[in-house]
Amino acid sequence: MRIKVCGLRDSENLLALMTLQPDYVGFIFHETSPRFVGETLDPERVKNLPRTVKKVGVFVNASIDQIVRTVKRYGLDYAQLHGDETPDFCRNLQFKGVNIIKAFSIDAEFNFTKLNNFKPHCDFFLFDAKGANRGGNGQAFDWNLLRRYDNEKPFFLAGGIDLDNAEQAAELTGLKLHALDVNSKFETAPGVKDLDKVRQLMEKVNPVEEEV
């Protein structure tokens, strides 16, 4: 099971996290977030992360120009869109050479057929809990709702994943679950990750079998 650690903004914490080799790291470029990157993170340090760790920028209703500039400045591999971006917006951004993860807030009323028009223009979907904020609510949704999804495009699962429910999340059998996306439940402060908890998460969802 792949792991994405999102909401990083401290350079030293980021480098320390690299010892655990997560599959993805996420940086939030939305000014109202307590994990907003701002000017605290050295773009060159992000650019020089190991190539095995994919870098994701999180945006909410940003312009295409702003996203493209940020992707280039930090050497991002993906733009994760958490706003009201339309399929046409994704298509135009894709045309600029940007790989896209489109996020959707899920509740019992969510209509999964709305995803169909996004499929040609996104590399992955991300399913998060619907809450007061655009992501980062620290809440899990009813994962049984994902049984309504046609499972055509691989997805990230986000929202309230912690050490208690991570194994349950990782065992959503039959679904194209690409990665678990963790954030607030694995922090010592907003934007500073608890490396011991991240390590425990990785051991839980990817246990190493002992040789007999």
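Reader: Is K47 buried, partly exposed or exposed, and at what relative accessibility?

Author: K47 counts as partly exposed, at 35% relative accessibility, where buried means under 20% relative accessible area, exposed means over 50%, and partly exposed lies in between (1.4 Å probe, protein chains only). This is a predicted model, in which local features need pLDDT of at least 70, side-chain atom pairs count only at pLDDT 80 or more, and totals for chains, interfaces and linings use all residues. Residues are numbered from 1 along each chain as its sequence is written, and side-chain values use heavy atoms, with hydrogens and water left out.

Reader: Which side chain does K47 meet in a salt bridge?

Author: Side chains of opposite charge can pair when their charged atoms come close. A salt bridge here is a side-chain nitrogen of Lys or Arg within 4 Å of a carboxyl oxygen of Asp or Glu, and K47 meets E44 in this way at 4.0 Å, N to O. The two are 3 residues apart in helix 2 (residues 43–47), and therefore separated by about one helical turn; helices (H or I, at least four residues) and strands (E, at least two) are DSSP runs, numbered from the N terminus.

Reader: Which pair links distant parts of the chain?

Author: K55 and D77 form a salt bridge at 3.5 Å, N to O. This pair joins strand 3 (residues 54–59), which holds K55, to the loop between helix 3 (64–74) and strand 4 (78–81), which holds D77, 22 residues apart. K55 counts as buried at 7% relative accessibility, whereas D77, at 23%, counts as partly exposed.

Reader: How many salt bridges are there by this rule?

Author: The count comes to 13.
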